[in-house]
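Please keep the sequence and the model at hand while reading.

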Amino acid sequence: MKLYALSGDPAKPCYVVSFKDLLIMLDCGLSVNSVLNFLPLPLVQSARFHSLPNWNCRDPDIQLDDGEIKECCGCAFINSAPEFVPPLDKIINFSEIDVILISNYTNMMALPFITEGTGFSGTVYATEPTLQIGRFFLEELVEYIEASPKENTARMWKDIQHLLPQPLNDVFKPKNWRHLFSLDAVNKSLARVQMTGYDQKLDIFGALQVTPVSSGFCLGSSNWIIVSGQEKISYISGSSTLTTHPRPINQAALKYSDVIIMAGLTQAPHVNPDGMLGELCMNVVMTLRNGGSVLIPCYPSGVVYDLFECLSSSLDNQGFSQIPMFFISPVADSSLAYSNILAEWLSTSKQNKVYIPDEPFPHANLVKNAKLKHFKHIYSEGFSTEFRQPCVVFCGHPSLRFGDAVHFVELWGSNPQHTIIFTEPDFPYLQALAPYQPLAIKTVYCPIETSLNFQQANKLIKELKPGVLVIPENYTQPPPIAPHKLDLVIDQLPDKMIIKFKRGEVIKLPLKRKRSRIYLDPQMARSLVPHEIQPGVTISTLTGVLHVKDNIHDLHPLEPTPEELAEEQQKLSKKPHLQPPGQNRLRHIKYEWGTLDVNLFLKKLAQDGITDIKVEQSGGGGDELTLHLASEDTVIKVSEKATSIVCGGKQSLRLKLRDLLLQCVQNF
């Protein structure tokens, strides 16, 4: 069994497992951090970004296209359509992938890169919410990029990367970056997805059985269990033991795995999500009291549902119930509507509301009462009429490189009364703000991440008792955001084998196929005659035809075809002394077992006229016997596990000695 690490970001995993001649891809996360190296894409041309000074190379022989690199407050940015870091395609051929298992909607953003234009012909499995909300994420991303097209594409900078200023000279392999796919590619890739439910057992070509179980992280998020006849592998990605809106994690199903592959731990291990939620509400209230407005860059689903719920309650308690909240996204209406029809994927408390009946999420009520207003874009019909300040605006993209958030940062950035609150830990907030500097707007970093922290992950690992734990190398050292906190790592347990990996590595996992399951034909099962060879151990021989199809092994009785039967019967009627048909001969084969009776063998040799025999014993305990037949120039070596006859190529002698030897062991 091998693991191919196609991603270097554990929060956006993409791995391939080769097992039983199958290639199984675990998630296809897209690393979006590369977009921070590009200038933002405003909805209308920005005089501020256009007026930023060009960066020019000191080498007079190198001439970049005009405006390809812009400088802002000591940092360099690429003036081009943003590019993304897809999973590595050099160490594995995507056309050979048999199955893709998606754990949650944040980990499927690279799916079009993998399935479209690569020859991929496999199957993609995901739960219904993962597919539908993943569609929202992909459609929003594509629409953001296509809404602000760039006239030119910057290319030359990648050839002189070593000469560029910070941070461009440090980016990793930019030639592997790619522009985003089209909406057509998104639709084609999502059409390949087969929806599945929790605990549904899916057969993979007869070789494996895969099952999604609830991970507790977000709507429809799953951990995957891969089972063959004897082995069990669990893939844990994006899991949570906290009580939020999704269905709780199913830990019992993950216990006693031979191998656990773990990824998707929190990106903000140094903070508590409940504490961050309280801090967010406090900063929103303080800003509103001072007459300012609040911008919260967000994704179109996930934590934003919890923010609506907590923030609306906090505003009511503080007397700000009339302050409007705006949710702006190309998929805002779909996201809000869809979340309220997913009862089976929700926590028990949310499910119970459905049967009252009541909406499981309060945002439906907020929309009815006009406290939460949603629009596709800031230029959508009705937005300018409804928009009033002070207010709270939720919009994308959290990177601040595209989407409606770019407009609000430019609109409010010079006013210290306003506040921008970062809740998504995917992007370092100072880097997100860098091309807008200098800014007067107040900035607050409140990362709200509900996936497992290191303390919770270590506790879970101890309870699950895996044989082998496989984790990214990043999890064995403190994160860069808190390098002094040595407890923010996965513990090395004395009785557990931990294998670590990093991007681009192919590692062997200590899981070997021990046995395969064979299905016995009922007719053969009825004919079994067990023999006891020692107390408590009985065996029975089987002779049959083994059929293997789609990795399913079936053992059928030996039955000649009608043509063979007719032909053999015709021969037997003419020549009765002939042997029965080939299949029938196999029925009468004897199977030898046990150790050689040496004295009986010597007696048989003497009866056959071979008497000049020298017997030697060797081996540590005398467990190897050598017989020298001087007259025949032959040596017979007998050990516990093998017998060899060295007779100088005398075939007739070898066969005679073999037959005599087989008469001196037990058989049935």
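## Basis

The model is predicted, with local features needing pLDDT of at least 70 and side-chain atom pairs counted only at pLDDT 80 or more, while totals for chains, interfaces and linings use all residues. Residues are numbered from 1 along each chain as its sequence is written, and side-chain values use heavy atoms, leaving out hydrogens and water.

## Helices α3 and α4

Helix α3 (residues 128-147) packs with helix α4 (residues 183-190) at an angle of about 165°, and their axes lie 10 Å apart. Helices here are DSSP runs of H or I with at least four residues, and strands are runs of E with at least two. The angle, on a scale from 0 to 180 degrees between N-to-C directions, makes α3 and α4 roughly antiparallel (over 145 degrees).

On the α3 side, L131, R135, L138, E139, V142 and E146 meet L183, V186, N187 and L190 of α4 (contact means heavy atoms within 4.5 Å). By class, this contact of α3 with α4 has six nonpolar, one polar and three charged residues; Asp, Glu, Lys and Arg count as charged, Ala, Val, Leu, Ile, Met, Phe, Trp, Tyr, Cys and Pro as nonpolar, and the others, Gly among them, as polar.

## Helix α13

In helix α13 (residues 454-464), F454, A457, N458, L460, I461 and L464 are buried (under 20% relative accessible area, with a 1.4 Å probe and protein chains only). These buried residues fall within an arc of 165° seen down the axis of α13, so they line one face of the helix. They pack against β14 (232-237), β15 (259-263) and β22 (468-472). Q455 and K459, on the face of α13 turned away from the buried side, are exposed (over 50%).

## Helix α7

The buried residues of helix α7 (residues 332-339) are A332, S335, L336, Y338 and S339. Their cover includes α3, α6 (303-317), β17 (325-328), α9 (363-368) and β18 (372-375).

How values were computed. Angles under 35 degrees count as roughly parallel, over 145 as roughly antiparallel, 65 to 115 as roughly perpendicular and the rest as oblique. The arc is that of the directions from the helix axis to the C-beta atoms.
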